[in-house]
Amino acid sequence: MMNSECLIEIEGLHTRFGSHVVHEDINLCVHRGEVLALVGGSGSGKTALMRQMLGLEMPAEGAVRIFGEPLDGHDRKKLQSMRNRCGVLFQKGALFSALSVYDNIALPMRELHILDEGMIRDLVMLKLKMVDIETRHASKMPAELSGGMIKRIALARAIALDPELLFLDEPTAGLDPELSEGFVELIRTMRTELTLTIVMATHDLDTLVALSDRVAVLADQRIVALGGLREVVGKTHPFITNFFRGERGRKALGNNGDVL
Ligand SMILES: Nc1ncnc2c1ncn2[C@@H]1O[C@H](COP(=O)(O)OP(=O)(O)OP(=O)(O)O)[C@@H](O)[C@H]1O
């Protein structure tokens, strides 16, 4: 049974690319208001799963519902209106290089065709403030910006339409530890201010510890563990042991593997 408490619900999902099986029988409920982290080895299908949650790709088998509605069988307009309730910060293509900071953030607003330029201007400036970027940078091009600024501006674009649901693919990849910490803090603030539900893929344990309420571990084409960090760390799957119990894990979780 589909559960009304689930902002995203996945039932019996299979993903295949030709003969390559990526997911087999994935079942998952993302609760409203939670931060759910997807972890798994490279190629375990974290990005593919998020793309299917957004309806950018369709599963070979199974069903995905977001906001209580199935993703298949909709016309483009309906699908677009569901996507407008989602913000996306994907690893690749964080910003359009040919557009200024201002135009990058304004783009999703303009695509709605209901806001006038004055209103868009106010909203762009507000979003820049929310991500701690001074408005004087609005006319800059992405090539003139540091990696940390690009992430913040990409986040400003992701929240341009005040989404309920935010997808983050490796949000702190490519940032040094200090910038990464600042960015995580920003996401935490944003989460509270905007009462967001977040689905995030990450390899970074510090990000995972700082942000996630629950963790879903993808391995062997399935979700092999799902729960709070403490619960997941206690499981004995080889991926989990390697991922959480190495030197990196001890640093992020504390010497005893304690997450608190
Ligand atoms: N459109 C596609 N066509 C063919 N194969 C694909 C496609 N998208 C993903 N794959 C394959 O599916 C598998 C899962 O890819 P995905 O990018 O979801 O993994 P991931 O867990 O996000 O990996 P990473 O941590 O490296 O980003 C990979 O083997 C990838 O090559």
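**Exercise 1.** Which residue is the bridge partner of Ala37 in β8?

*Solution.* The model is a predicted one, in which local features need pLDDT of at least 70 and side-chain atom pairs count only at pLDDT 80 or more, while totals for chains, interfaces and linings use all residues. Residues are numbered from 1 along each chain as its sequence is written.

Step 1. Strands (E, at least two residues) and helices (H or I, at least four) are DSSP runs numbered from the N terminus, and two strands pair if DSSP finds at least two bridges between them.

Step 2. β3 and β8 run parallel and are joined by four bridges. Strand β8 covers residues 197-201.

Step 3. The bridge partner of Ala37 in β8 is Met200.

**Exercise 2.** Is β3 largely enclosed or exposed?

*Solution.* Step 1. A residue is buried if 20 or more other C-beta atoms lie within 10 Å of its own, exposed if 12 or fewer do, and partly exposed in between, with C-beta atoms placed from the backbone.

Step 1. Six of the six residues of β3 are buried, so the strand is largely enclosed by the rest of the structure.

Step 2. Both faces of β3 are covered: Val35, Ala37 and Val39 are buried on one side, and Leu36, Leu38 and Gly40 on the other.

**Exercise 3.** Describe the surroundings of Val199.

*Solution.* Step 1. Val199 lies in β8 and is buried, with 25 other C-beta atoms within 10 Å.

Step 1. Two residues are in contact if their C-beta atoms, placed from the backbone, lie within 7 Å. Not counting residues up to four places away in sequence, Val199 touches Val30, Leu36, Leu38, Met50, Met53 and Phe167.

Step 2. Met50 and Val199 are 149 residues apart in sequence, and their C-alpha atoms are 7.8 Å apart in space.

**Exercise 4.** How do α3 and α4 cross?

*Solution.* Step 1. Two packed helices are described by the angle between their axes and the distance between the axes. Axes are lines fitted to C-alpha atoms, for helices over the stretch in contact, and angles run from 0 to 180 degrees between N-to-C directions.

Step 1. The axes of α3 (residues 101-111) and α4 (residues 117-130) come within 10 Å and cross at roughly 125 degrees.

Step 2. Angles under 35 degrees count as roughly parallel, over 145 as roughly antiparallel, 65 to 115 as roughly perpendicular and the rest as oblique. The helices α3 and α4 are therefore oblique to each other.

Step 3. Tyr102, Ile105, Ala106, Met109 and Arg110 in α3 meet Ile120, Leu123, Val124 and Lys127 in α4.
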